[in-house]
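Visitor: I've got a model to look through and a few questions about it. Could you walk me through some of its features?

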Amino acid sequence: MSGMANHTKYQRGYFMPPQPCFDWVQKDHIDKAPKWCSVDLRDGNQALIIPMSLDEKLEFFKKLVAIGFKKIEIGFPAASETEYELCRTLIENNMIPEDVTIQVLTQAREHIIRKTFDALRGCKTPVVIHVYNSVSVAQRQQVFRKDKEQIKQIAIDGAQLLKDLTEEGGYPNFYFQYSPESFTGTEPEYALEVCNAVLDVWQPTPDHKASINLPATVEMSSPHVYASQVEYIHKNLKYRDAVEISLHPHNDRGTGVACAELGVLAGADIVEGTLFGNGERTGNVDLITLAMNLFSHGVDPELDFSDMPSIVEMYERVTRMTVNPRQPYAGQLVFAAFSGSHQDAIAKGLKWREENDPEHWTCPYLPIDPTDVGRRYETDVIRINSQSGKGGVGYVLEQNYGYVLPAKMREEMGYATKSVSDHTHAELSPEQVRDLFLENYVNKTGHVELVDFHFTHADNNKAFKAFVTVKIDGNEDATVGNGNGRLDAVCDALNKLGIKAHVETYSEHALTNGSKSEAAAYVGITGEDGKMVWGCGQHSDIITASILGLISAINRA
């Protein structure tokens, strides 16, 4: 029995081009960024439960300019008073940079077009007037109930009015864009016919170009179909050297990014979309993902996302939307590794790059360097919970606090951290990991307490004599030991007091640079059960640190 028997009511609503269009398949990458057009202030705004206020839109506009967008669709001036007011505010207050083109949307209806021109009066910077009408089979049959010629005539009449009003007003800075809305549900040859009819009205030239926008108003097919449709228009469009093809993918099937990338390979020049893919239904194509995908292949996206946290903060505040923790490149967790094996590989990869090839990025599990988008290795990459292992714990302690644990000690600390996270069912912050290490290993008090010590040389300066005073369960005692090194001599002294301590491994290092740095000494001894027991001593004097490390291990044993 089928799990969803209702599937039979769905039929293919898209059309392949009438001729093979697969040249895009031969290209293995995009080698140059397309032109970008942000539609956050129109598509993104109309998709919000609470649309942005004028002040919020102005803040968003300034952020888009700072990121580097050179074309920004500011709204649908005839649709609402707020969108009309935004247009007027930007123009009257000279807020549009000379190198930024604003774009406005209008239906191919006379009264809407005339109000749009009214909103643009006095604009000195370049403007794209984006006119559209629906041309798909479903829209023709069900909504407008008009035949192909009637629908085409709507587009021609709208295009003619744009041209007439521009010439009457003397607007050399006005440019035109036409969208056959619902392009993806339209026969490609008919969409081409309508677009060419519009271009015949406008007569674009290489010095004064027009744009044809091919929207995936509703995503209806796999991305390769959209790419073939785009290539068909690209190959057969009139005035091609005077026309830029623009894409406007939505994300109904979750493949908006793929449609945009394949569409660019198929000949498109411009991509319209939004930050984080905000838009109606499942949203528009995510321009951040597209741009950063190029960046990850060594292609300059010509947009600046180096301070991603500030972009996320602004976006969430003014739109009242949230950025998914797994949103590519921008989410809180997209660089985070909790898995022990992943953490170990990342830590080793970062170390290898530092030592062998700092100019290139090849780190396992990290497609880009998190610092390139304003994130930090110390807090954003290696995250500790019950899935984490020795590599992650060791990395956190080293990067944040300077502790370079020996491999076996790191393994033991990893199990200790995993146990705490398992018990609390929570992630542990770097501070909590440090506190756990300090509590369990560093300068550990208990059965034995160091009171005093000093050394002299013995046997012609080839050995040491250690004079050690300790408290054992509160009772003070003193003894003398001999050894090849200072720590060996202390062990011999403690053995004479009945405290069995054989050092199996020892390492030390400064915690920070500088003469006032404290030292950490890691001591591993053999316990009564024959297993290794670890302790760490921390002190401004390295000898004191090593003895404290030994006593920490003894107390832990």
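Visitor: Which strands does helix 17 lie across, and at what angle does it run to strand 11?

Guide: Keep in mind that this is a predicted model. Helix 17 covers residues 486-496. It lies across strand 9, strand 10 and strand 11, and its angle to strand 11 is about 130 degrees.

Visitor: In what order do the strands of that open sheet come, and which ones are the edge strands?

Guide: The sheet has 3 strands with antiparallel pairing, in the order 9-10-11. An edge strand here pairs on one side only, and that leaves us with strand 9 (448-458) and strand 11 (475-483).

Visitor: How many bridges join strand 10 to strand 11?

Guide: Strand 10 spans residues 463-472 and runs antiparallel to strand 11. As one spot to look at, Val-470 has Asp-477 of strand 11 opposite. The number of bridges joining the two strands is 9.

Visitor: Is Lys-57 buried or exposed?

Guide: You'll find Lys-57 in helix 2, residues 54-67. Leaving out residues up to four places away in sequence, Lys-57 touches Leu-41, Asn-45, Met-52, Thr-82, Glu-83 and Leu-86. Its relative accessibility is 0%, and the cut-off for buried is under 20%, so Lys-57 counts as buried.

Visitor: And what does Phe-22 count as, by relative accessibility?

Guide: Phe-22 sits in the segment before strand 1 (35-38). With Met-16 and Val-25 it forms a nonpolar surface patch, together about 250 Å² of accessible area. Because its relative accessibility is 39%, Phe-22 counts as partly exposed.

Technical notes. Residues numbered from 1 in each chain as written. Predicted model: local features only at pLDDT ≥ 70, side-chain atom pairs only at ≥ 80, totals over all residues. Heavy atoms only, no water. Helix = DSSP H or I, 4+ residues; strand = E, 2+ residues; numbered from the N terminus. Buried < 20%, exposed > 50% of the residue type's maximum accessible area, 1.4 Å probe, protein only. Contact = heavy atoms within 4.5 Å. Patch = residues over 30% accessible without salt bridge, like charges linked within 9 Å, V, L, I, M, F, W, Y side chains within 5 Å. Areas by Shrake-Rupley, 256 points an atom, 1.4 Å probe, with all protein chains shown as cover. Salt bridge = Lys/Arg side-chain N within 4 Å of Asp/Glu carboxyl O. Pairing = 2+ DSSP bridges. Axes fitted to C-alpha atoms, helices over the stretch in contact; angles between N-to-C directions.
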